[in-house]
Amino acid sequence: MQTIKGRGMLLPGTFVSIKSKTAILGKFRELAIHKWRKPIQEIARRLNPVVRGLLNYYHKLRGESMREVWNQLNHRLLKWVKWEKGLYKMAAVRWLKRQYKSSPGLFAHWKLVQP
């Protein structure tokens, strides 16, 4: 429930069904991002149209229901870092966070969920 001018009001929200989440996550899985042998800027260039489309469709008023999808995409990016850079998990997390700090607008979903 959100408040408007001090009054609690129930506003309509866009909620994502489990079936839609599963389809989106399946699409990310089929892309096999972790096997792409390209720089992170090229990956961002290829993924951003898909991510922006999902943002425009599912984030009309509230986007809390999509947090699981964005976290899963971050996990797939982390898997790419581990494969591409040959790093263990914590080193890969640090590398991805450095990329976020140097260019926070690289991926469209990083505005909502940080790596």
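**Aromatic pairs and the nonpolar core**

1. Let's start with Tyr57: with a relative accessibility of 56%, this residue counts as exposed. Bear in mind that we're looking at a predicted model.

2. A search through the whole structure turns up four aromatic pairs. One of them is Tyr57 with Tyr58: the ring centres sit 4.8 Å apart and the planes are at 90°, so we call the pair edge-to-face.

3. Another pair is Trp80 with Trp95, and this one is tilted, with 6.1 Å from centre to centre and 55° between the planes. Trp80 belongs to helix α3 (residues 67-85) and Trp95 to helix α4 (residues 89-102), so the pair ties together parts that are 15 residues apart in sequence. Both tryptophans, Trp80 and Trp95, are buried.

4. There's also an aromatic cluster, made up of Tyr100, Phe107 and Trp110. Leaving out neighbours within four places in sequence, Phe107 has contacts with Ile40, Ile43, Ala44, Leu47, Asn48 and Leu77.

5. Now the largest nonpolar core, which has 32 residues. Phe107 shows up here again, among the residues with the most contacts inside the core, a group that also includes Ile33, Trp70 and Leu96. Helices α1 (18-31), α2 (40-58), α3 and α4 each supply at least two core residues, and α2 gives the most, with eight.

6. A last one to look at on screen: Arg46 lies over the face of Trp36, 4.2 Å from the ring centre.

Conventions
Residues numbered from 1 in each chain as written. Predicted model: local features only at pLDDT ≥ 70, side-chain atom pairs only at ≥ 80, totals over all residues. Heavy atoms only, no water. Phe/Tyr/Trp six-rings, centres within 6.5 Å; stacked < 30°, edge-to-face > 60°. Buried < 20%, exposed > 50% of the residue type's maximum accessible area, 1.4 Å probe, protein only. Helix = DSSP H or I, 4+ residues; strand = E, 2+ residues; numbered from the N terminus. Lys NZ or Arg CZ within 6 Å of the ring centre and 35° of its normal. Core = buried A, V, L, I, M, F, W, Y, C linked by side-chain atoms within 4.5 Å. Contact = heavy atoms within 4.5 Å.
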